[in-house]
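Please examine the sequence and the three-dimensional structure shown here before reading the briefing.

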Amino acid sequence: MPYEIKKVFASLPQVERGVSKILGGDPKGNNFLYTNGKCVILRNIDDHGRFVNCVRFSPDGNRFATASADGQIYIYDGKTGEKVCSLGDGKAHDGGIYAISWSPDSTHLLSASGDKTSKIWDVNVNSVVTTFPMGSNVLDQQLGCLWQKDHLLSVSLSGYINYLDKNNPSKPLRVVKGHSKSIQCLTVHKNGGKSYIYSGSHDGHINYWDSETGENDSFAGKGHTNQVSRMTVDESGQLVSCSMDDTVRYTNLTLRDYSGQGVVKLDVQPKCVAVGPGGYAVVVCIGQVVLLKDQKKCFSLNNLDYEPEVVAVHPSGDSVAVGGADGNVRVYSILGTTLKDEGKLLEAKGPVTDVAYSHDGAFLAVCDASKVVTVFSVADGYSENNVFYGHHAKIVCLAWSPDNEHFASGGMDMMVYVWTLSDPETRVKIQDAHRLHHVSSLAWLDEHTLVTTSHDASVKEWTITY
């Protein structure tokens, strides 16, 4: 095959405050159901004061446990249904309990609670063996848990998956992090000899991934408060991101720490940002194109007769291509602290959804809502070089390979195409690249490694061969 999946950095469970991950009870708190292997049994109980979130039989079938929003866990005889005890002789947790899981030998129980702790209980002697404090933030509430052989896992409201350590309860062995909301954009960058992937999601969260191991984390501090729409890395090694919170942020990729210094507040909501040499950045906003120089606004184009959607800056830094909803691309020149319309109007086949210059600056690729990619030759006055057909739905993203001979496109059809510039018929087709949602962004780590992301909240690496 001309392509193969290399790595998948999977999404986290989607979580919601106050909702358990496993339901086994009546919301009114009076009934719960379970199975004895032959049928489903609905029972009435009055022990819990609030709704039952979870019911679990022990692996040996001799007991079952119920956990409730009232903070209590009750143990029942598995054969008769008679109550045996209440763990802790009262409240097992200070908050609602959302999940429980039995140990393989049926002697202990793991519980997860909104009080931001998980606990191990010795059921035979009715006592707490270990308490795992998971933090003090609201997002540290525990909504799920699993005892699988020797592994103890819990799920936080943040979506993080925690590998609990019985020998060191205050610090998990490992925390699996990532996105729990749809990913809108990504970019790549080499830092300290390693290649990293940066992804931004619908909730304003930005994550960085080690492209080799998949280990990832988020930046420290408070960042964007709404959807991250586009990201790129400038020549000084700063991540430049624009968001629906009406800001452009500059984040140091060595420190990986948000600060109040690198924030540019815009008058209207930004959609796309591109950077060039010399400290320039061009931001496309609703009805406006803004030029930034050294993290400050210096010029804007207002009262446009078209709606700008996307932008790309030529590698030389002297030209800017702005794609519009009217199906045209306009070329501007950067002259000091202003933008000058060059009078070039490049026609796409439909409303423009993305634009990208090749790394050598020789070509401009334009994709549109009519499922077409058009490539223009910059040296020939932006004359049309070739047209590429293949997608079955709107194309939403483009990225050039470092070899300048290939580029990739991703669309609403959940497909990714890798095109050969000199021959539109020579292509690599990745069908169902993301099965659950469309491809939202892509980037190249090297000439044979493509990274894609999607609203399914996962990041994938692909090995491409020609």
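Predicted model: local features only at pLDDT ≥ 70, side-chain atom pairs only at ≥ 80, totals over all residues.

Residues are numbered from 1 along each chain as its sequence is written, and side-chain values use heavy atoms, with hydrogens and water left out.

**Overall chain**

- The protein chain contains 0 helices and 42 strands; helices (H or I, at least four residues) and strands (E, at least two) are DSSP runs, numbered from the N terminus.
- The C-alpha trace spans about 85 × 50 × 40 Å along its principal axes.
- Of the 466 residues in the protein chain, 56% are buried. Buried means under 20% relative accessible area, exposed means over 50%, and partly exposed lies in between (1.4 Å probe, protein chains only).

- Strand β33 (residues 363-368) is largely enclosed by the rest of the structure, because 6 of its 6 residues are buried.
- Both faces of β33 are covered: Phe363, Ala365 and Cys367 are buried on one side, and Leu364, Val366 and Asp368 on the other.
- Strand β32 (residues 352-357) runs antiparallel to β33 and is joined to it by 5 bridges; two strands pair if DSSP finds at least two bridges between them. Ala356 has Ala365 of β33 as its bridge partner.
- In the hairpin of β32 and β33, 5 residues lie between the strands, and Gly361 in the turn has a positive phi of about 75 degrees.
- Strand β34 (residues 372-377) is also antiparallel to β33, with 5 bridges joining the two, and Val366 stands opposite Thr374 in β34.
- The hairpin of β33 and β34 has 3 residues between the strands, with Lys371 in the turn at a positive phi of about 75 degrees.

**Aromatic rings**

- The structure holds 12 aromatic pairs. Rings of Phe, Tyr and Trp (its six-membered ring) pair if their centres lie within 6.5 Å; planes under 30 degrees apart count as stacked, over 60 as edge-to-face and the rest as tilted.
- Phe57 and Phe64 form a tilted pair, 5.2 Å centre to centre with 50 degrees between the planes. Phe57 counts as partly exposed at 25% relative accessibility, whereas Phe64 is buried at 0%.
- The pair of Phe219 and Tyr258 is edge-to-face, because the ring centres are 5.4 Å apart and the planes stand at 80 degrees. Phe219 lies in the loop between β19 (216-218) and β20 (228-233), and Tyr258 in the loop between β22 (247-252) and β23 (263-265), so the pair ties together parts that are 39 residues apart in sequence.
- Phe219 is buried, with a relative accessible area of 5%, and Tyr258 counts as buried at 11%.
- One aromatic cluster is formed by Phe363, Phe388, Trp400, Phe407, Tyr417 and Trp419.

**Charges over rings**

- The charged end of Arg256 sits over the ring of Tyr208, 4.0 Å from its centre. For this description, NZ of Lys or CZ of Arg must be within 6 Å of the ring centre and within 35 degrees of the ring normal.
- The charged end of Arg330 likewise sits over the ring of Tyr306, 3.7 Å from its centre.
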